[in-house]
Amino acid sequence: MRKLNKKLFSILSIVMLLLLAACGGGNTTTESNSNTGEDGVLSAKFGVISYLTGAGAAYGEAITNGLKLAQQDINALGEVNIELVIEDSAGKADQALNAAQKIMSDDSITAIIGPTLSTEFFAVAPEVDLNGIPILGTSTTVDGIPEIGDYVFRNAVPESLAIPAAIEKAVERTGATKVAMIYGNDDALTKGGFEVMERTAKEMGLEITTIETYQEGQSDYNAQLTKIKNTNPDLILASALYNEGAVIMDQARKMGIEIPFVGGNGFNSPQAIEIAGDAANGLIVATPYFGESSDPKIVEFNEKYEKEFGKKPDQFAAQAYDALFIYADALKRAGSSDREAFRESLAETKDLEGILGKFSFDEVGDVIMDVTVLEIKDGKFIEFE
Amino acid sequence: MLGEILNTYYLQIGSFILINIMLAISVYVPLSSGQLSLGSAGFMGVGAYTSALLTIHFDLPIFVGVIAGALAASILGVIVGIPSLRLSGVYLAIATLGLGEVIRVIFVNWDSLTKGSVGLTGIPQLGREILEFSRGLGFEPAMIGIRNNQFVFLSIFLVLLILVIAILWFVIRQQNSRVGRALQSINMDDRAAESMGINITHYKVVAFTQGAFFAGLAGALFAHVIGYISPADFSYHRAVEVLIFTVFGGSEVIIGSVFGAFFLTLMPEVLRFVSEFRYIIYGILLVVLMAVRPQGILDANLLKKFKFKRSKGGVR
């Protein structure tokens with residue numbers, strides 16, 4: 001027993017020493033706030049808060065990859081020099097806030113990108129805003145994000161822009177008058193999407209036959225789908241993430257429901273086709289990013305990304321890529337890495353040509369851009385006519 | 001001078017450590033009477049939502065909201081505690097885990113009140129309210145040479161520190177009192193305790209309710225520190241995390257809970273430099289610990305040794 005304790009003490013003391021060493025390393029980050037590098041190029045440091053460990057780490061990885069790729073391209077152009085400080089939020093609001101505090105304690109940070117989830121963003125943004133640091137959300141689609149403060153922006157296409165576009169096009173073609181709705185009610189993204197769907201349907205005078213809910217990770221949707229089938233709708237509005245949405249479509253098709261589905265931002269993924277196969281045909285989504293597009297800018301981006309990271313980019317990577325270009329552009333126009341000047345020029349961003357198209361901020365800092373409506377036909381995303 | 005030492009990032013981590021210590025104690029107290037409760041996340045959520053809703057909609061001062069939140073959680077603790085006392089061991093653990101999930105699902109579905117999974121925004125922040133209050137008294141943070149946001153986080157940290165010290169004092173006093181001895185005897189053998197004339201139902205409910213109270217208090221403070229809550233903050237992940245604090249540090253002594261919460265909250269932050277690998281290291285550490293020291297890092301034997309080396313007395 002005593003021997004064991006001795007051993008344990010030595011292990012413990014080593015752990016403690018490691019801790020101390022790590023603490024020591026963290027304190028050496030105070031540097032002078034220089035605007036220009038050695039060769040006279042305007043340089044700035046941006047903080048990134050991203051979901052890198054945990055269940056949703058795939059999103060954070062896509063975003064940081066997109067940012068890293070953009071950083072390479074921007075620095076290669078040589079007009080400005082950007083440094084990224086990337087911190088993990090683990091998908092938790094308190095961890096995201098810690099990461100933000102860590103980034104903010106460095107006075108040479110000009111602005112922040114992230115965090116990934118809307119639930120993290122709501123905790124972080126007010127604090128960052130009070131400290132007078134610009135913050136940009138690249139994947140936060142819930143209502144009410146840019147309204148948090150003057151320093152809060154986003155380039156993620158909110159559900160309130162994407163979903164109405166998709167519903168309008170779908171109704172136009174199918175002439176639907178009755179819609180059924182299904183959504184995941186324990187996730188901020190799908191819940192936010194549902195609210196927009198309901199509002200849009202009411203505004204367009206569509207009759208809502210039934211509203212069904214499911215929980216995250218559910219695998220059997222037959223009860224909800226049977227109810228939906230009995231009400232005989234013309235269209236199903238499904239605010240779901242792709243992994244659950246694909247299963248819903250699969251089970252619906254097996255049950256003989258052949259009508260089209262309209263989805264939100266979270267449903268827009270090639271993964272949906274992989275999971276549901278032929279059953280995914282007839283899904284209509286609106287997105288700023290169309291991976292199969294023949295637009296040379298997107299083709300080039302896809303190639304570069306695949307070469308660098310060995311997999312195809314998704315919407316989140318593309319939005320993050322554009323986000324850093326928005327920052328670089330604002331930095332160029334501001335002419336200094338001063339936070340106040342940077343915010344001013346960021347707010348004035350107008351018709352910036354990104355890979356996703358022309359981009360502007362409105363007066364509260366929300367995104368103005370065109371979205372493309374896509375549908376899945378014969379196992380492929382194509383543009384919806 | 002003072003302004004340079006106080007880094008808001010460190011103060012923020014310090015605040016989360018203190019909140020997690022409260023949560024760890026909320027598991028420790030029922031555990032010291034042999035009840036394994038996994039409901040801490042649920043009680044925390046009740047405290048957080050009660051306080052947040054009261055302060056948002058009725059403009060109540062934060063301290064009233066926090067007390068109301070803690071009381072709401074402890075009332076729920078009594079209501080749930082009495083029937084669950086028929087259960088013990090893993091059965092109680094499952095029942096309380098279920099309770100936590102039920103509470104979370106209520107938050108998700110009670111849309112009109114809780115805004116569902118999107119969560120509550122605009123919760124008054126504890127530090128900023130203190131700043132405004134002290135400004136009303138004619139005090140400016142600049143007078144002692146610190147910036148406003150340093151003052152905000154310093155005040156949060158100090159309030160939490162005082163509360164944690166008060167809770168620790170209370171629990172340690174209780175342990176050395178008649179109540180504590182009763183709880184200990186129930187923990188050892190509840191039949192024997194009953195035959196000695198100890199009212200086990202009463203004491204078990206007391207311990208369970210105290211746990212609920214501390215969890216509710218921690219939850220309410222969490223809401224006012226972070227300024228935004230959503231049901232995702234109170235999922236069973238949180239309950240398990242809190243249980244790990246207590247088990248890691250050593251569930252036999254209260255100082256173990258404190259140490260566990262301190263160490264396991266600090267570690268992910270210290271390990272930030274290895275970014276993606278930090279939770280892998282966290283996991284490996286837990287596996288190693290459970291293999292070599294299942295009773296947790298600190299236990300009564302270890303503390304006894306320290307006592308020999310120092311003078312008598314020491315902490316329990």
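## Strand E1 of chain A

Strand E1 of chain A is mostly covered, since nine of its nine residues are buried (buried means under 20% relative accessible area, exposed over 50% and partly exposed in between, with a 1.4 Å probe and protein chains only). Both faces of the strand are covered: A:Leu42, A:Ala44, A:Phe46, A:Val48 and A:Ser50 are buried on one side, and A:Ser43, A:Lys45, A:Gly47 and A:Ile49 on the other. Helices (H or I, at least four residues) and strands (E, at least two) are DSSP runs, numbered from the N terminus.

E1(A) runs parallel to strand E2 (residues 80-88) of chain A, and nine bridges join the two; two strands pair if DSSP finds at least two bridges between them. In E2(A), A:Leu84 stands opposite A:Phe46. Between E1(A) and E2(A) the chain passes through helix H2 (residues 57-77) of chain A, in a right-handed β-α-β crossover (right-handed if, with the strands pointing away from the viewer, the path from the first strand over the helix to the second runs clockwise). E1(A) also pairs in the parallel sense with strand E3 (residues 109-113) of chain A, over four bridges. There, A:Gly47 has A:Ile112 of E3(A) opposite.

## Basis of the model

This is a predicted model, in which local features need pLDDT of at least 70, side-chain atom pairs count only at pLDDT 80 or more, and totals for chains, interfaces and linings use all residues. Residues are numbered from 1 along each chain as its sequence is written, chains are lettered from A and ligands numbered from 1 in the order in which they are written, and side-chain values use heavy atoms, with hydrogens and water left out.

## Chain A as a whole

Chain A holds twelve helices and 15 strands. Of its 385 residues, 57% are buried. Among contacts in chain A between residues at least 6 apart in sequence, 68% join residues at least 24 apart, where contact means heavy atoms within 4.5 Å.

## Further strand pairing in chain A

Strand E6 (residues 178-184) and strand E7 (residues 207-214) of chain A pair in the parallel sense over seven bridges. A:Ala180 has A:Thr210 of E7(A) opposite. Together with helix H6 (residues 188-203) of chain A, E6(A) and E7(A) make a right-handed β-α-β unit.

An open sheet of three strands in chain A has the order E11-E12-E13 and antiparallel pairing. Its edge strands are E11 (352-354) and E13 (367-368) of chain A, each of which pairs on one side only. Strand E12 (residues 357-361) of chain A pairs with E13(A) in the antiparallel sense over two bridges. A:Phe361 has A:Val367 as its bridge partner in E13(A).

## Aromatic pairs

Over all chains, a search of the whole structure finds 25 aromatic pairs. Rings of Phe, Tyr and Trp (its six-membered ring) pair if their centres lie within 6.5 Å; planes under 30 degrees apart count as stacked, over 60 as edge-to-face and the rest as tilted. The pair of A:Phe46 and A:Phe342 is tilted because the ring centres are 5.6 Å apart and the planes stand at 45°. A:Phe46 belongs to strand E1 (residues 42-50) of chain A and A:Phe342 to helix H12 (residues 339-347) of chain A, so this pair ties together parts that are 296 residues apart in sequence. A:Phe46 is buried, with a relative accessible area of 0%, and A:Phe342 is buried, also with a relative accessible area of 0%.

In chain B, the rings of B:Tyr279 and B:Tyr282 have centres 5.6 Å apart and planes at 50°, so this pair is tilted. Both residues lie in helix H14 (residues 278-292) of chain B, three residues apart, about one turn of the helix. B:Tyr279 is partly exposed at 23% relative accessibility, whereas B:Tyr282 is buried at 12%. In chain A, ring pairs link A:Phe301, A:Tyr305, A:Phe309, A:Tyr321 and A:Phe325 into a cluster.

## Charges over rings

A charge sits over a ring if NZ of Lys or CZ of Arg is within 6 Å of the ring centre and within 35 degrees of the ring normal. The charged end of A:Arg343 sits over the ring of A:Tyr151, 5.4 Å from its centre. In chain B, the charged end of B:Arg238 sits over the ring of B:Phe222, 5.1 Å from its centre.

## Interface between the chains

In the interface, 44 residues of chain B are in contact with 42 residues of chain A. The two chains bury about 3700 Å² between them, 59% of it on carbon and sulfur atoms; buried area is the accessible area (1.4 Å probe) that two parts lose on being put together, summed over both. B:Val118, B:Tyr228 and B:Arg272 supply 15% of the area that chain B buries against chain A, more than any other three residues.
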